[in-house]
Amino acid sequence: MKGLTIPVLHGATGNTPDELDTVRTALAVRDALVSLGAQSWLVTLDHGADSLDALATDQPDLVFNLVEAIDGLAGPAAAIPKALARRELPFTGCGTEASWVCRSKVAQKVRMRSAGLPTPAWSQNGASLARAPKVIVKSITEHASIGIDQASVMSGRRAAQVIADGMARTGDPHFAEAFIDGREFALSLLETDDGLRVLPPAEILFVGYGDDVHRIVDYDAKWVEDSHGYQNTPRRFDFPETDDALLEELQRLARACWDLFGLSGYARIDFRVDEAGQPWILEVNTNPCLAPDAGFMAAAAEAGQTFEAVIAEIVSAGLHTSKKAA
């Protein structure tokens, strides 16, 4: 990697906890690239295309794409891979098609259902889940649990009105999903020179959650450090032998998602597992958080990889993908 020029591109302003985390991640990635011998600097995506045009003029060897949101919205970030490709700029992470399809949780679910992969029932307007005992209403395009709190879980009969009210208030499209009241897992995927590697499965534990509190990783649990959720949702990587079959199935499904969506570089697949032990795929994350203390890097550390080693693998995959596309 010595001598390569690899700017780190992000779109965060740092005005919210999740965006501040993106800025910190960009700094950590830049420092790792420098320690690996590359020339690296931060590039903040502006409101227009000036920063991308400037990158095209610089002609770097690779762009490390950390754009998770633009002006605070996750949906438009899915267009960045296409914008980079149009300027003939090689980049890390998932490609244009995968990024575009996965921008929509509903589009993901349609494709998963067509491929026979298990994903919870859903309704864009809530009507078809009116009789469901419990659903969760969430944004179709947002990430990082933005907009999700305890009130997001409700009876199915309320979903249609909540979706309509939310759309009228914010313009942000939402949908209802059958709520799986069970265990939560995340499987991180890393493309390496030796092929796809499924990192150790992680389970999110809900410690001290009473019967009146929904077991979900909402916005507070992810970002608000003094909240009950943040302090009581640790992840674990050690499991009893009785979970072996479940963990194997989770890994199989994660690989199936990788192939189905044509993922590359790195990704994370989120699951819920119901009381009967049936896993359900919630969503595919094409640009998961790479913060040193986040879930992806925790899984990598469990596999014996350092932060710098993971960044090096992501760079290698990006360079390899760009050569194949050339």
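Me: Which residue forms a salt bridge with Lys-138, and how far apart are the closest N and O atoms?
Reply: Lys-138 forms a salt bridge with Glu-177, and the closest N and O atoms are 3.0 Å apart. A salt bridge here is a side-chain nitrogen of Lys or Arg within 4 Å of a carboxyl oxygen of Asp or Glu. The pair links distant parts of the chain: Lys-138 is in strand β5, Glu-177 is in strand β7, and they are 39 residues apart.

Me: What kind of model is this, and how are residues numbered?
Reply: This is a predicted model, where local features need pLDDT of at least 70, side-chain atom pairs count only at pLDDT 80 or more, and totals for chains, interfaces and linings use all residues. Residues are numbered from 1 along each chain as its sequence is written, and side-chain values use heavy atoms, with hydrogens and water left out.

Me: Back to that pair. Are Lys-138 and Glu-177 buried or exposed?
Reply: Lys-138 counts as buried, at 8% relative accessibility. Glu-177 counts as buried too, at 2%. Buried means under 20% relative accessible area, exposed means over 50%, and partly exposed is in between (1.4 Å probe, protein chains only).

Me: How many residues of β5 are buried?
Reply: Five of its five residues are buried, so β5 is mostly covered.

Me: What counts as a strand or a helix?
Reply: Both are DSSP runs, numbered from the N terminus: helices are H or I with at least four residues, strands are E with at least two.

Me: Which strands pair with β5?
Reply: β5 pairs with β7 (residues 174-178) in the antiparallel sense, over five bridges. β5 also pairs with β6 in the antiparallel sense, over two bridges. Two strands pair if DSSP finds at least two bridges between them.

Me: Which residues stand opposite each other there?
Reply: Val-137 stands opposite Ala-176 in β7. Ile-136 stands opposite Val-153 in β6. For Lys-138, the bridge partner in β7 is Phe-175.

Me: What is the strand order in the sheet of four strands?
Reply: The order is β4-β7-β5-β6, in an open sheet with antiparallel pairing. β4 (122-123) and β6 stand at the edges, each with a single partner strand, so one side of each has no neighbour in the sheet.

Me: And the sheet of three strands, what order does it have?
Reply: That open sheet runs β2-β1-β3, with parallel pairing. β2 (42-44) and β3 stand at the edges with a single partner strand each, so one side of each is left without a neighbour in the sheet. Two bridges join β1 (residues 8-10) to β3. Leu-9 stands opposite Asn-65 in β3.

Me: Where is Leu-42?
Reply: Leu-42 lies in strand β2. Leu-42 is partly exposed, at 28% relative accessible area. Leu-42 and Leu-27 are 15 residues apart in sequence and 7.4 Å apart in space, C-alpha to C-alpha.

Me: Salt bridges again. How many does the structure hold?
Reply: The structure holds 12. One of them joins Arg-87 to Asp-53, with the closest N and O atoms 2.8 Å apart. That pair also links distant parts of the chain: Arg-87 is in the loop between α3 and α4, Asp-53 is in helix α2, and they are 34 residues apart. Asp-53 counts as partly exposed, at 36% relative accessibility.

Me: Which residues are linked in a network of salt bridges?
Reply: Arg-183, Glu-203, Arg-236 and Asp-243 are. Within it, the side chains of Asp-243 and Arg-236 meet at 3.9 Å, N to O. Asp-243 is buried, with a relative accessible area of 8%. Arg-236 is partly exposed, at 22%.

Me: What is phi for Gln-59 and for Glu-88?
Reply: Gln-59 has a positive phi of about 50°, although it is not a glycine. Glu-88 has a positive phi near 60°.

Me: Where do those two sit?
Reply: Gln-59 is in the loop between α2 (50-58) and β3 (64-65). Gln-59 is exposed, at 64% relative accessible area. Glu-88 lies in the loop between α3 (80-86) and α4 (96-102). Glu-88 counts as exposed, at 72%.

Me: Last one. Which residue follows α10?
Reply: Gly-304 follows α10, and its phi is positive, near 90°. In α10 (residues 295-302), the buried residues include Phe-296 and Met-297.
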